[in-house]
Amino acid sequence: IGIWHSGPQYVIEALDSEMGRDVHTVVVPIHDYELVVSRDPLNIRTVLVSHSADWDLSEHRTASWEPMLGHGIFTSRGERWKQSRALIRPQFATDQINDFRMYERHVQQLFAAIDRHHDGTHISGWTRAFDLQPLLYNFALDVMTEMLYGYSVHSQNPSERVDLPVISGHEPPDRENIGRHMDAGKAWIETRGALWKYRWLLPSQQFFKHCAAIHNYADWFVQLRLQQGDKYLENLQQQGGQPNRDRYVLVHELAKMTQDPVELRSQTLNALTAGRDTTAALIGWIVYFLARHPVVAKKLRREVVDLFGPYVSGQPSGIEFRQVRDSLPYMNAVINETLRMAPVVPLNDRVSLRDTVLPRGGGPKRDQPVFVPAGTQILIPIYALAQRPDIWGPDAGVFRPERWIEDGGCKPGFEFIPFGGGGRQCLGQQLARLKSAYLIVRFLQRYDDIANAEVPPDAPVKFHHTIENRSGSVRTDTNKTLKGHKLLVIAPWEAPVGFVEKLAAEFPDLQVDYHVHGRSATPPSTTSVSDETWRDVTILLTFATLPTPEQAPKLQYVQLMSAGANHVLDKPLFKDTEVTFCTANGVHGPQISEWIISTYLAFEHRLPSYLEHQKEGRWNKGDMYTIEDAADKTIGILGYGSIGRQTARVASAMGMKVHAYTLHPRPTPESRRDRGWTPPGLGDPEGTIPTKWFSGGTEKELHAFLGSGLDLLVIATPLTGRTQHLLSTAEFDVLARGDSGGGSSSSRKRKTFVSNIARGPVVDTDALLRALEKGLIRGAALDVTDPEPLPDGHPLWSAPNAIVTPHVSGSSTRYSERVLAILEVNLGRLAEGGEFFNHVDRREGY
Ligand code: HEM
């Protein structure tokens, strides 16, 4: 009991002080039985490998865990274990379990949770001191539950949880509390285990309550899998464009081999217990040591950044599991050294099934075999093995990853067994190592410093005999100086005075290369920049000059100067890489909304004909009695982005009602927020101006919007495959039918004025001409046309009630200033983390 209740250091202390430093195997009489403790690799090898048939798990261990986990690989012995191992082992042999895309989603949730510890004084970039350990446990639980059941509990961010279908006769799984039930259940097992023979003395009602909750949790998913069969994967929530059929879900795979619900529950719970705390503890210990060994942290960060580059927010990491496994020698050394200093499973044990022998430890010189009668427990102090100075050198107690690399690298045998050894060796070793390494890679890419904030800072390392971690308090820092980054600007205009200097002050380590190409219509070719310059570029600001992926292998973020991205969608750099593209969406809001309102008012106030009269010198009031003002009219904005929002602001100031239309539904206040960039004080950042909000991708939904009684329709959608000819004959017919309820005034049949500032092909030109000629719409203001430029003699030039301008609505002398402001904020995001403004979504194409 002394051993179980003290840390693993106790074994070393007890052996060293009572028996001597050279004694590695002892037989300890405890009450009515004898316990063997051995820190001799030869003996351990004998137990785990060469005479493993003589040994098995103690009944003590399997019986303690069994109420919580049932019979699974972790809790069964003999034949039963063999069957479990045969079932589970192939699962861990598949590369599919190393799904970094899944980890990345949870890493992002972890970063968001870390970022919540920024205390607002962003200048330094440091978070306030906090304990990282609970967040790592959340991470491991979230990843494991998704891997095992396909549905993560999202303990890091419960708002990510998806709604679950109803299964009659089964309580929904308690995602909120499953982690707590597991922790509490484990604590009971440890206490019951320590008291083993006297465990009946403990009241156990609470323990069994936790076990029931854990069983319910697993049973629900097992039932769902059994009911849905092969459709289980298909029905999972779609994740980041990844086809569901490629997902790895343990319960689904196991159910292909057995349909026994109890077996499925037990095996998945065994894996959950084996894999959750262990991995969280390992990651925690790695951070613990990095925070206390800045030289190691720096060296490791160098290795990571050299291979993968710095962190780019909003962009998939693009990291392959083979790279993490094979190309990060120092990372492997750090992980090994962490496991040596703080093996997260510091003690293992076995019981002899028959009379047997350990090869060493007996006789006066302790080099003779030791007889072990059947039923003897042997304690395998993994921690003590990894701390022997005669094996590891006099600095065995020092955290020094270099020992794993120098002199051709250290290749330990049974003196280093953090994952056990022999037939029962850990099946999750690769998974645990890769998951931890991946998280640390992303962590170091994103944060360039970690500080130990423990008080006192040099408190001694405290271990626990069982799976335990104490990562300590850390603070994190980001790569705020943009070290290692190079920005290339290819612009038609000179940098505004002071701009480059301002960037240098903000991001001292950022290199800036500014190329001016003048105002030609075609973008300059990539050859105007030397190959050497391209090679190091990590950030590019351009209208349309894009290198090939090979030309600029380090490129991470492209800031386009245009509001749309349609001209880059077919470029290899966009299609074939994961480089982040951002548009200059937002720079156009003020001037284009002015164009929309001014052409609309000009039309309504008959300015074109009065200007004609003015040219002729005629005082002619024309049809002044039919002029209507804008108050109480309805403006419909198709595409409620930055231009739409600023137009809504101006229109509502004139007393207009605003109907907004977006592709995706925006039911909540949060979803209505503007995520793009807007000049301060403009637009509709909270999305509160519209009086009605329409959405959807179907014709029916679009027609409901078009039929909502619009006096002015503004087309402000991006041009994508979905929006090509979005307005065609059928749509103009809906507009012509006018108010289908909810518009300005249902008694009056007032036609719609259509304003297109998006892209010509969003509107079918023939249908538009027909609508103008037949008077289906009131008129149109077109800054964009299809074809463009509009050829001489094209019928649109002379179509009735049309105002045509040559794609100039976006012009403003403030353009470059606003583009550079977006670049600057996005550089801040790159440096400090957080979502990029105007990030182009590869699936949506804008
Ligand atoms: C740092 C992380 C981990 C450590 C240190 C660790 C350690 C161990 C150790 C020492 C054993 C052997 C127990 C014995 O000999 O009785 C073991 C067994 C096992 N581990 Fe891990 N483990 C880790 C992560 C994982 C993960 C992530 C999984 C899977 C999701 C996993 C699954 C298993 C299984 C299924 C066994 C039982 C194998 C058997 O009895 O046949 N482990 N682990």
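How many helices and strands are there in the chain?

Modeller: The structure is a predicted model, in which local features require a pLDDT of at least 70, side-chain atom pairs count only at pLDDT 80 or more, and totals for chains, interfaces and linings use all residues. Numbering starts from 1 along each chain as its sequence is written.

The chain holds 28 helices and 22 strands. These are DSSP runs numbered from the N terminus, with helices (H or I) of at least four residues and strands (E) of at least two. Of the 846 residues in the chain, 44% are buried. A residue is termed buried if 20 or more other C-beta atoms, placed from the backbone, lie within 10 Å of its own, exposed if 12 or fewer do, and partly exposed in between. Among contacts with a separation of 6 or more, 73% join residues 24 or more positions apart; a contact requires C-beta atoms, placed from the backbone, within 7 Å.

I turn now to the ligand. It is surrounded by 22 residues, of which Gly275, Thr278, Gly420, Cys426 and Gly428 are the closest. The criterion is a C-beta atom, placed from the backbone, within 6 Å of the molecule. By class, this shell comprises 14 nonpolar, six polar and two charged residues. Here Ala, Val, Leu, Ile, Met, Phe, Trp, Tyr, Cys and Pro count as nonpolar, Asp, Glu, Lys and Arg as charged, and the others, Gly among them, as polar.

Helices α5 (78-93), α11 (261-292) and α17 (429-446) each provide at least two residues of the shell. The largest share, six residues, belongs to α11. Because 29 of its 32 residues are buried, α11 is largely enclosed by the rest of the structure.

Beyond residues up to four places away in sequence, Cys426 touches Phe419 and Gly420. An unreviewed UniProt entry places the annotation "binding site" on Cys426; such positions follow the numbering used here, feature names are shortened, and annotations may be inferred rather than shown by experiment.

Two strands pair if DSSP finds at least two bridges between them. Strand β8 (residues 377-381) pairs in the parallel sense with β2 (residues 33-38) over three bridges, and five bridges join β8 to β5 (residues 347-352) in an antiparallel arrangement. Gln377 in β8 is the bridge partner of Leu35 and also stands opposite Val351.

Ser755 is the bridge partner of Val714 and stands opposite Ala781 in β21. In a regular strand, side chains alternate between the two faces of the sheet. In β20, Phe753 and Ser755 point one way and Val754 and Asn756 the other, and all are buried.

Ile637 is buried, as 31 other C-beta atoms lie within 10 Å.

Some backbone features remain. Most residues other than glycine have a negative phi, and most peptide bonds are trans. Leu482, although not a glycine, has a positive phi of about 60°; this residue is in the loop between β10 (473-477) and β11 (486-491) and is buried, with 22 other C-beta atoms within 10 Å. Asp786 and Pro787 are joined by a cis peptide bond with omega of about 5°, and Glu788 and Pro789 by another with omega of about -5°. Pro787 lies in the loop between β21 (779-782) and β22 (802-804), where Pro789 is also found.

Definitions and conventions: Contact = placed C-beta atoms within 7 Å.
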